[in-house]
Amino acid sequence: MQRLTNRQIVLGITGGIAAYKSAELTRLLKGAGADVRVVMTPAATEFITPLTLQALSGNPVHLHLLDTEAEAGMGHIELAKWADLVLIAPASADFMARMAAGQGNDLLTTLCLATDAPICLAPAMNQAMWRDDTTQENAKKLEARGVKLFGPASGEQACGDTGPGRMMEPVELAELAAHQFERGLLTGKTVFITAGPTREPLDPVRYISNHSSGKMGYALAEAAIDAGAKVKLISGPVNLAAPDRVERVSVQSAEDMLAASLDGLEQCDIFIASAAVADYRPTAIAEHKIKKGNEEIMELHLVKNPDIVATVASRADKPFTVGFAAETQDVLSYARGKLERKNLDMIVANDVSRSDIGFNSDENAVTLVTADADLELPQASKRQLAGQLIAHIAQSYYKVR
Ligand code: PMT
């Protein structure tokens, strides 16, 4: 079920007694890390309340095609585009017939017409209805169009009959849904990434900071999501939108960044510190704007900030920990020193003396340093490089965990 992490699933529910099982299915999909949006046909609401499914999915339930309020939130086309998978459970004989005929006479059929996502149906109906020639023809038509049928199972039915037509059990459906997705390199893993600069305030209007744009860290977050991980991005102040499916925690200072990094760290499998953290902060923050005086020289008193990545790596239950080393000279030897001193599993050495790579540029070139080997990754876009870094990090992670 790990393959469901971060997946966006539209769960369609049509009218049938098996609709009560859709509550458990919603809970299982959600519990496996999927984001679930439920779409119900009017008949489905006769069997189970939208409120139950809203509470279990944590999202509003979509009911009507022509609901202006719902369309203003996430309309049917947006919902169709949002879905990675459309799972309809239970799928009644009537729904299958309407879908096979290409109808778009309610929200769910319209969404099925509009989506590019794979569609899976879990038929549920009386055994005689399932065996009926028309239903069988509809099932074949749908399968010929690439729709997958999960079941139906056979057995005792709510109406007292015995035979094929029971909806498969929620746990089986959730497993089958998970298998529609490929396993990524980091499927089921949780990755924390620090990114961007920190700001260390001097007074209400001034701070000490650096030129980090966050581009490298955000690219790593996207690459980790693509590899199937659950990602928490702990970001200093940057002008970048949060990547899709990433949990972003916005922070300002190094102390904030440390607190956000330690929060939930027991869930973290891989910690990547790409942030440019200020090593020092002013000893005191002036309550009011510091006024210009007569003196030509102004002295600032600074105190050392906590070292975030070293704190993470000092824990007995430390995640696989990857640091970055931004250097302007003797790049590799300083990087090796940090690898050892901070107890890291890997460090990414970054020459920041060049203006075409490193801070704020769209490209980077780095050397991956571990205790026993160095690997140069030549200049490329930060997005490309992030993909390579995540692949190497995953490979090294599995060697030791
Ligand atoms: O954000 P961009 O514009 O895309 O630029 C990317 C980058 C150049 C910032 C990035 O590639 C990079 O090199 N990040 C590390 C910057 C840095 O502060 O390096 P450092 O050598 O000073 O620190 C070594 C490691 O310790 C880093 O992983 C850093 O995050 C971490 N650190 C440092 C100080 C501190 N108090 N806490 C830390 O966790």
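Trainee: How much of the chain counts as buried?
Mentor: Of its 401 residues, 51% count as buried, meaning under 20% relative accessible area with a 1.4 Å probe and protein chains only. Keep in mind that this is a predicted model, where local features need pLDDT of at least 70, side-chain atom pairs count only at pLDDT 80 or more, and totals for chains, interfaces and linings use all residues. Residues are numbered from 1 along each chain as its sequence is written, and side-chain values use heavy atoms, with hydrogens and water left out.
Trainee: And how many helices and strands are there?
Mentor: The chain has 14 helices and 19 strands, taken as DSSP runs (H or I of at least four residues for helices, E of at least two for strands).
Trainee: Which domains is the chain divided into?
Mentor: Domain 1 covers 2-178, while domain 2 is made of 190-286 + 298-400, with bounds that come from an automatic or database domain assignment. Their C-alpha centres lie 42 Å apart.
Trainee: How many residues of each are in contact?
Mentor: Five residues of domain 1 are in contact with five of domain 2, contact being heavy atoms within 4.5 Å. Between them the two domains bury about 420 Å², with 32% of it on carbon and sulfur atoms; buried area is the accessible area (1.4 Å probe) lost on putting two parts together, summed over both.

Notes:
Buried means under 20% relative accessible area, exposed over 50%, partly exposed in between (1.4 Å probe, protein chains only).
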